[in-house]
Amino acid sequence: MLPIVLVETDRDDFDTPVVELWRGDSFVGMVFYDGTDSIVQIYPAGEGDVHDLDVNELQTLLDTAVRIVDPDAVDGELEALHDATAADDWGSEHPATVALLGEFDPLAVHRTDDGEGFFDRTVAHLFIAKCEELGLAVVEMEGFDMVSGELTAIPALDLAVTPQSIMSWPEFRTYANATASTTLSSWPHRESIAIAFVFQQPDAEIIVA
């Protein structure tokens with residue numbers, strides 16, 4: 001079953017962004033803000049058919065969508081992240097990066113001497129979703145075979161997403177993360193694969209995970 005990806009859009013009849021839910025070429029539904037609450041609409045899969053949705057995946061997607069459509073959600077979260085940053089004395093690090101690495105650093109299956117982390121497939125999907133949730137963009141992703149702690153790059157498993165001048169930052173962020181999620185789903189499903197990430201902050205700084 002293909003994963004559901006989020007696509008942020010602007011519509012003339014909405015004052016705030018609308019998030020569309022897609023599974024491949026199939027439109028699943030949409031999330032929007034009605035001025036008071038965040039609303040989700042799930043559409044039929046086809047005549048006499050329905051969408052089968054994984055509860056955990058859907059919950060993660062909806063949490064992310066709410067942060068995109070609700071104008072107050074991001075401000076509140078970033079304020080909390082700024083408070084956490086100050087408390088931990090992380091200096092000038094972007095609060096979203098602090099939150100991301102604080103959560104995922106312990107989940108790396110391998111880390112090089114210079115600090116680059118590698119993640120298994122399940123954690124990698126969560127990493128991409130968390131980037132979208134925190135307003136970060138996965139711009140590079142590379143797959144390796146890891147056997148007995150030794151890493152070997154797999155040439156075919158390599159993704160680089162180039163910034164598009166016609167896109168706003170929110171549009172590019174969602175585009176990059178959706179591309180990374182779809183690409184990761186197409187990579188081989190074997191336990192030896194470890195994934196490395198490079199992500200971009202809203203201020204355009206590039207960070208190696």
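These legends describe close-up views of a predicted model. Local features need pLDDT of at least 70 and side-chain atom pairs count only at pLDDT 80 or more, while totals for chains, interfaces and linings use all residues. Residues are numbered from 1 along each chain as its sequence is written, and side-chain values use heavy atoms, with hydrogens and water left out.

**View A. The Phe119 and Phe197 aromatic pair.** The whole structure holds eleven aromatic pairs (rings of Phe, Tyr and Trp, the last by its six-membered ring, with centres within 6.5 Å; planes under 30 degrees apart are stacked, over 60 edge-to-face, the rest tilted). One of them, Phe119 with Phe197, is tilted, at 6.2 Å centre to centre and 45° between the planes. This pair links distant parts of the chain, 78 residues apart: Phe119 lies in the loop between strand E6 (117-118) and helix H4 (121-134), and Phe197 in strand E9 (residues 193-200). Helices (H or I, at least four residues) and strands (E, at least two) are DSSP runs, numbered from the N terminus.

**View B. The aromatic cluster around the pair.** Phe119 and Phe197 are both buried (under 20% relative accessible area; exposed is over 50%, partly exposed in between; 1.4 Å probe, protein chains only).

**View C. Helix H1 and its buried residues.** Leu61, Thr64, Ala65, Ile68 and Val69 are the buried residues of H1. They fall within an arc of 130° seen down the helix axis, so they line one face; the arc is taken from the directions from the axis to the C-beta atoms. Exposed Val55 and Asn56 sit on the face turned away from the buried side. The buried residues of H1 pack against E1 (5-9), E2 (18-23), E3 (26-33), E4 (38-42), H4 and H5 (169-186), with contact meaning heavy atoms within 4.5 Å.
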